[in-house]
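The following note comments on selected features of the model shown below.

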Amino acid sequence: MRWSLLGLLLAFPLVAGEMPKLRDPGEMIALYGGEGSLAILRQPSAVKVCRLREVAKAAKGGEDVVTLNRISYERGPWKTLSADHAQQIQAQLLKVSNYDWKSISFCDPNYNYRVCFQANGDHLTIDYCLSCQELLVSKNGAKVGDKLFESPVFLKVLRDLFPEDQAPQGVTK
């Protein structure tokens, strides 16, 4: 794994059990759509996750169907994350070295999971594709960014929450 000075500085507080305070040149801020969105990620009042399943065009419609990049998904039941799981997910999303800042995905993502951070009436939504490891970030329903993201810890938390699913890439039972 490649480490940058910034990555090392951000990783150190995680060892001590603290959430990192971001001081990056702007890529992370741009990905999440501004400091306000990062504040939701850093200090949510609630964190929940659900499974996404692609649905046929004929099945479109209804409250539990979302459309991302022209593909419709049925949203499974929400699961509220424990404080431990929420902290693990937060730490991985805030870890700069988990993102591939140089590559562009040529995949047409098929999102599998949705993580929602809530704070002060706002929602920061993270949709994740297991196949290409692309992460799509939305704030209050509007897309703000996407990036390739790789974290075995993030995948392990999803595996813990959804043991009935086939193992996400890189995670064994």
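Which residues does Lys-147 touch, not counting residues up to four places away in sequence?

1. Lys-147 touches Leu-31, Tyr-99, Asp-100, Trp-101, Gln-133, Glu-134 and Leu-135, where contact means heavy atoms within 4.5 Å. The residue is placed in strand 9 (residues 142-149); helices (H or I, at least four residues) and strands (E, at least two) are DSSP runs, numbered from the N terminus.

2. On the basis of the values: this is a predicted model, in which local features need pLDDT of at least 70 and side-chain atom pairs count only at pLDDT 80 or more, while totals for chains, interfaces and linings use all residues. Residues are numbered from 1 along each chain as its sequence is written, and side-chain values use heavy atoms, with hydrogens and water left out.

3. Lys-147 is buried (under 20% relative accessible area, with exposed over 50% and partly exposed in between; 1.4 Å probe, protein chains only).

4. Asp-146 instead forms a salt bridge with Lys-143, the closest N and O atoms being 2.9 Å apart. Both partners are partly exposed: Lys-143 has 48% relative accessibility, and Asp-146 has a relative accessible area of 31%.

5. The count of salt bridges comes to five. One of them joins the side chains of Arg-114 and Asp-127 (2.6 Å, N to O). Arg-114 lies in strand 6 and Asp-127 in strand 7, so this pair ties together parts that are 13 residues apart in sequence. Arg-114 is buried at 10% relative accessible area, and Asp-127 is buried at 0%.

6. Glu-74 and Arg-53 also meet through their side chains in a salt bridge (2.2 Å, N to O). This pair links distant parts of the chain, with Glu-74 in strand 3 (residues 71-75) and Arg-53 in strand 1, 21 residues apart. Glu-74 is partly exposed at 32% relative accessibility, as is Arg-53 at 49%.

7. Helix 5 (residues 152-161) has as its buried residues Phe-154, Leu-155, Val-157, Leu-158, Arg-159 and Leu-161. The cover over these residues includes strand 1 (46-54), strand 4 (79-80), helix 4 (83-94), strand 6, strand 7 and strand 9.

Definitions and conventions. Lys and Arg count as positive and Asp and Glu as negative; His and the chain ends are not counted. A salt bridge is a side-chain nitrogen of Lys or Arg within 4 Å of a carboxyl oxygen of Asp or Glu.
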